[in-house]
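This report walks through one protein model, part by part. Look at the sequence and the structure before reading on.

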Amino acid sequence: MRINYNEKKGFICDMDGVLYHGNKLLPGAVEFIEWLQETGKEYLFLTNNSGMTPKELQQKLRRMGVEVSEDHFYTSALATAEFLRVQAPGCSVFAIGEAGLLNALYDAGLTMNDVNPDYVVVGEGRNYSLESLTKAVNLVLKGAELIGTNPDVSGNVENGLAPACGALIAPIEIATGKKAYFCGKPNPLMMRTGLRLLDCHSEDAVIVGDRMDTDIVAGTESGVDTVLVLSGVSDKSTPDMYAYRPTTILEGVGCIVAEAEAGR
């Protein structure tokens, strides 16, 4: 099925595997962002990567030669912090993650606690270790609720794939027998936040991503047209593994620009 991109008001776009791999821009990424800006589209980069702050993501794109303002980024770390702020204002957490997660939790008025926290929160991070894993397991066994920033089991890096939150939190789930609650895509809370930030109804939006199990299912369940790009973890056969389908499949985001310009 074809999508009329010119008639769409808002674009929700993943980053890893869609705009770049590691520190390398993917073909068509620059043209896609320029098209969004030149045509006055509302757009939001909605990423499950919890390690970086919006400012760091902005600077990452700038280093690659792309200028996007900070307000165009929303992460699973921000979604997690907002969820906890609403569910249990002023609660305490034991967090495994990097600056993106820790800053979001602090900004939401939460405090760090490695003795008797209300929640154990896990995101991606290089400080993940056997020591932090052991601490998390025992805190959950003592009653802390287990929260994951996102369910992704892997993420794109320049030389292949790296374990992501879903894989890192699995040992805690197995050791404690407790399942984590994930706040990132495909959680409808994150999709609704994205649409609200765009001031856009679902029928006027498009979500672009490289993962069937996060980006595409999130759009499908929210009534948003979906574009699966094959520049990340998926190939043409990947959708056959799922009961739902993307609205359309493209090689990369540059194809959106080509189709939009051809349809004018």
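## A serine in a loop

Which backbone oxygen lies 2.6 Å from a polar atom of the side chain of Ser234? The backbone oxygen of Asp210 does. Such a pair is a polar contact: two N or O atoms within 3.5 Å where, within protein, one must be able to donate a hydrogen and the other to accept it, and residues adjacent in sequence count only if both atoms are side-chain atoms. The model is predicted, so local features need pLDDT of at least 70 and side-chain atom pairs count only at pLDDT 80 or more, while totals for chains, interfaces and linings use all residues. Residues are numbered from 1 along each chain as its sequence is written, and side-chain values use heavy atoms, with hydrogens and water left out.

Ser234 lies in the loop between β14 and β15. Helices (H or I, at least four residues) and strands (E, at least two) are DSSP runs, numbered from the N terminus. Ser234 has 6% relative accessibility, so this residue counts as buried. Buried means under 20% relative accessible area, exposed over 50%, and partly exposed in between, with a 1.4 Å probe and protein chains only. Leaving aside neighbours within four places in sequence, Ser234 is in contact (heavy atoms within 4.5 Å) with Asp210, Arg211, Met212 and Leu228.

## The sheet

An open sheet is formed by 6 strands in the order β5-β4-β1-β13-β14-β15, and the pairing is parallel. Two strands pair if DSSP finds at least two bridges between them. At the edges stand β5 and β15 (248-250), each with a single partner strand, so one side of each has no neighbour in the sheet. From one strand to the next, the twist averages 25°.

Inside the sheet, β1 and β13 run parallel and are joined by 4 bridges. Ile12 stands opposite Ile207 in β13. Helices lie across some of these strands. α3 lies across β4 and β5 and runs at about 60° to β5; α8 lies across β13 and β14 and runs at about 160° to β14. For these angles, axes are lines fitted to C-alpha atoms, for helices over the stretch in contact, and angles run from 0 to 180 degrees between N-to-C directions.

## The nonpolar cores

In soluble globular proteins, nonpolar side chains tend to be buried together. A nonpolar core is a set of buried Ala, Val, Leu, Ile, Met, Phe, Trp, Tyr and Cys residues joined through side-chain atoms within 4.5 Å. The largest one here has 31 residues, and Phe32, Phe45 and Leu61 have the most contacts inside it. Elements that each supply at least two residues of this core include β1 (10-13), α1 (29-38), β4 (42-47) and α2 (54-63). The most comes from α1, which gives 5 residues.

A second, separate core of 17 residues includes Val93, Ala104, Val121 and Cys183.

## Helix α7

Which residues of helix α7 (residues 188-198) are buried? They are Met190, Met191, Thr193, Gly194, Leu195 and Leu198. Among the elements covering them are β1, β4, β5 (73-75), α3 (76-87), β13 and α8 (212-222).

At the start of α7, a side-chain oxygen of Asn187 comes to within 2.9 Å of the backbone nitrogen of Leu189. After α7 comes Asp199, with a positive phi near 55°.

## Salt bridges

Side chains of opposite charge can pair when their charged atoms come close. A salt bridge is a side-chain nitrogen of Lys or Arg within 4 Å of a carboxyl oxygen of Asp or Glu. The whole structure has 10 salt bridges. In one of them, Arg2 pairs with Glu259, with the closest N and O atoms 3.9 Å apart. Arg2 lies in the segment before β1 and Glu259 in helix α9, so the pair ties together parts that are 257 residues apart in sequence. Arg2 is exposed at 63% relative accessible area, whereas Glu259 is partly exposed at 22%.

Glu67 forms a salt bridge with Arg62, the closest N and O atoms being 2.7 Å apart. Another joins Arg245 and Asp240 (3.1 Å, N to O). Arg245 is partly exposed at 46%, and Asp240 is exposed at 58%. Salt bridges that share partners also join Asp14, Lys185 and Asp215 into one network.
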